[in-house]
Amino acid sequence: QVQLVESGGGLVQAGGSLRLSCTASGRTFSSYAMAWFRQAPGKEREFVAAISWSGGSTFYADSVKGRFTISRDNAKNTAYLQMNSLKPEDTAGYYCAATTRPYASMVWRTTTSYDYWGQGTQVTVSS
């Protein structure tokens, strides 16, 4: 079992930056692959980015590629999402997710691949 707590959300102008953090407690953090999803009002939760257990592999949604960077620090039990060049359409609740599923069976972009979720942090980008 792992508990996930997100932080770092807020209000920012278009073109600005934010860094989200997801801190885990419980089981060994390095045994989890991590991901970020987001959900805007009235829309389904969508994949943003994911990172493998060691950090050697990363995956991004096309809509954020080149603007967002996912990373992790296993010594600090924390995953990060650096968000640059933010756009109003990035406005959403951002959720951290974790899984212990084997790499070979991972479907990184689907919510059902992840077993643990945080409560979310709100990101609002003004135009």
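Which two residues form a disulfide, and how far apart are their sulfur atoms? The partners are Cys22 and Cys96, with 2.0 Å between the sulfur atoms; a disulfide is here a pair of cysteine sulfur atoms within 2.5 Å. Cys22 belongs to strand β3 (residues 18–26) and Cys96 to strand β9 (residues 92–99), so the pair ties together parts that are 74 residues apart in sequence. Strands are DSSP runs of E with at least two residues, numbered from the N terminus. The angle about the S-S bond is -75°, and the link of Cys22 and Cys96 is left-handed. Both Cys22 and Cys96 are buried, where buried means under 20% relative accessible area, exposed means over 50%, and partly exposed lies in between (1.4 Å probe, protein chains only). By this rule the structure has one disulfide.

The model is predicted: local features need pLDDT of at least 70, side-chain atom pairs count only at pLDDT 80 or more, and totals for chains, interfaces and linings use all residues. Residues are numbered from 1 along each chain as its sequence is written, and side-chain values use heavy atoms, with hydrogens and water left out.

Cys22 is also a neighbour of Thr78, which touches Ser21, Cys22, Thr23, Phe29, Arg72 and Asp73 when residues up to four places away in sequence are not counted; contact means heavy atoms within 4.5 Å. Thr78 is placed in strand β8 (residues 78–83) and is buried, with a relative accessible area of 6%. Its side chain makes a polar contact with the side chain of Thr23 at 3.4 Å. Such a contact is a pair of N or O atoms within 3.5 Å; within protein, one must be able to donate a hydrogen and the other to accept it, and residues adjacent in sequence count only if both atoms are side-chain atoms. A polar atom of the Thr78 side chain also lies 2.8 Å from the backbone oxygen of Lys76. As for Arg72 and Phe29, the charged end of Arg72 sits over the ring of Phe29, 4.5 Å from its centre; the criterion is NZ of Lys or CZ of Arg within 6 Å of the ring centre and within 35 degrees of the ring normal.

Strand β11 (residues 121–126) contains Thr124, and Thr121 lies in strand β11 as well. Thr121 counts as buried at 12% relative accessibility, whereas Thr124 is partly exposed at 28%. A polar atom of the Thr121 side chain is 3.2 Å from the backbone nitrogen of Gly9. Thr124 and Ala92 are 32 residues apart in sequence, yet their C-alpha atoms are 6.6 Å apart in space.

The structure also holds nine aromatic pairs. Rings of Phe, Tyr and Trp (its six-membered ring) pair if their centres lie within 6.5 Å; planes under 30 degrees apart count as stacked, over 60 as edge-to-face and the rest as tilted. One of the pairs is that of Phe59 and Trp108, which is stacked, at 4.5 Å centre to centre and 20° between the planes. This pair links distant parts of the chain, with Phe59 in strand β6 (residues 58–60) and Trp108 in the loop between β9 and β10 (116–117), 49 residues apart. Phe59 and Trp108 are both buried. Trp108 also forms an edge-to-face pair with Tyr103, at 5.7 Å centre to centre and 65° between the planes. Tyr103 is partly exposed, at 43% relative accessibility.

Methods. Helices (H or I, at least four residues) and strands (E, at least two) are DSSP runs, numbered from the N terminus.
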